[in-house]
Amino acid sequence: MSVLAELVGETVIDREAKMTTVADLVQGIGTGGVVGLYFSAHWCPPCRAFTPELAEFYKKFRETDAGRKMDIVFVSSDKDEDSFKEYLNEMPWKAMVYADRDRKAKLSKKFKVQGIPTLVFIEAETGKLVTAKGREGVGSDPSGKEFPWHPKPFSEIIRGELLRGEDTVQSDEALSGKVKGFYFSAHWCPPCRSFTPELAKTYEKVKAAGKNFEIVFVSSDRSDDTFKNYYKTMPWLSVPYGDARIEHLSSYFEVEGIPMLVLVDENNDVITANGRSILEKDKEGERYPWIPAAVEEIGMDNASNLNESACLFLFTNGNTTMQESALDLLRDVATAYKAEQKASLESDNELPPLFFCYEGGSAESVEIAISLRAFVKVEDEEPCLVLFDIPEERKYTLSGKDINKDAIQKLVEQFKTGTLEFEQLDM
């Protein structure tokens, strides 16, 4: 069985209910071909808006030499087969067989699909990811001139002139070897106007301390004059107004709202997309360069991690002894797992991310933990350790009397090898 057949099944279906083998589909686009996996559903308004746009691109691009080496397979999130058939009738490409729901779920997990519509392009022969941002490619390059839209390295995306006040400077000169904050903001946004002066104070303190740090303003202002007036209040660099890099950076960092501060290290790896929350808690910049610890106390600055990956959470339930020992219990296994997971990114056996955190003694941490305890339905009022995975709707609970370093190590090893016996997490 080919790699693509393992992903989408051995046959696909078109709107006339004609079945085609995946082997024939791959042969039809030839050596070096790519396949788009279109995650969509009829009940989703953005999907219904994007599908005609994608269909127009597909029909025109397939007439070109490059387009004949491309095809698309619809991966349905419709709620029933009748809705699937009705929606497929609008599409000139083929689809995964609707009944294969388990395969669809595995495919969504493999390509980390968190919302629809999503268009992922993969190499037809190897299944290797080409880009997860096909939707953006269709929107910005409707002729397919740069297809298949291989992701550009960050150094290439940012390269060019930046503003430094009224002067200009080359990005390589201004940013090379520095910790960087990319500040997505706009004057029309009240939370942005509130955060900007506070961020400026922290920036000045970090710079005064001799830290190798820079911020780049990425504007969402609606006019050049508004941009200029807003930028005058900032002591850092800026991408020029209207520059194409603004859209590229927003896409690269998956910006969905402002203000947003993305912190990036000297090697252009993302430290955190939650820079705003982190710096609001660290106004003096004492935690520079703000690299997340292997184990973190849960708070508003990191709570979003709970929804994005599997989490190992220590509920202390106000037990001060457990709070004081939380770091000691979790640190070694967390450090080892995170190092192994990072190394696995370069291999074919990528480990899933695992967020290690605990309920601390602050009011904010306790409040989040209380809500989380109710959400994951932890009935035990004593301290306990829960490995839960909201995207996969599953959990595993270790009661307080069983919590020790050896038990935690065994639990994480079972998670890593896929042998941990989860129970269903009722959402």
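Which residues of the largest nonpolar core touch the most other members? Hold that for a second, because what you're looking at is a predicted model, where local features need pLDDT of at least 70, side-chain atom pairs count only at pLDDT 80 or more, and totals for chains, interfaces and linings use all residues. Residues are numbered from 1 along each chain as its sequence is written, and side-chain values use heavy atoms, with hydrogens and water left out.

Okay, the core. The residues that touch the most other members are Tyr-38, Leu-54, Met-70, Phe-74 and Trp-93, out of 27 in that core. By nonpolar core I mean a set of buried Ala, Val, Leu, Ile, Met, Phe, Trp, Tyr and Cys residues joined through side-chain atoms within 4.5 Å. Buried is under 20% relative accessible area, exposed is over 50%, and partly exposed is in between, using a 1.4 Å probe and protein chains only. At least two core residues each come from β3 (34-40), α3 (45-61), β4 (70-76), α4 and β6 (118-123). The largest share is from α3, with seven residues. Those helix and strand labels are DSSP runs numbered from the N terminus: helices are H or I with at least four residues, strands are E with at least two.

Now stay with α4, which covers residues 81-88 and holds Glu-86. Glu-86 is partly exposed, at 48% relative accessible area.

Most residues other than glycine have a negative phi, and most peptide bonds are trans. Here, the bond from Phe-147 to Pro-148 is cis, with omega near 15°, and Pro-148 sits in the loop between α6 (134-140) and α7 (154-158). There's also a cis bond from Ile-258 to Pro-259, omega near 0°, with Pro-259 in the loop between α11 (245-252) and β13 (260-264).

Trp-290 is in the loop between α12 (275-281) and β15 (295-297), and it counts as buried at 1% relative accessibility. Lys-377 also has a positive phi, about 60°. Lys-377 is in the loop between α15 (363-375) and β18 (384-389), but this one counts as partly exposed, at 43%.

Last stop, Thr-21. You'll find Thr-21 in strand β2, residues 19-21, partly exposed with a relative accessible area of 33%. From Thr-21 to Pro-235 is 214 residues in sequence and 60 Å in space, C-alpha to C-alpha.
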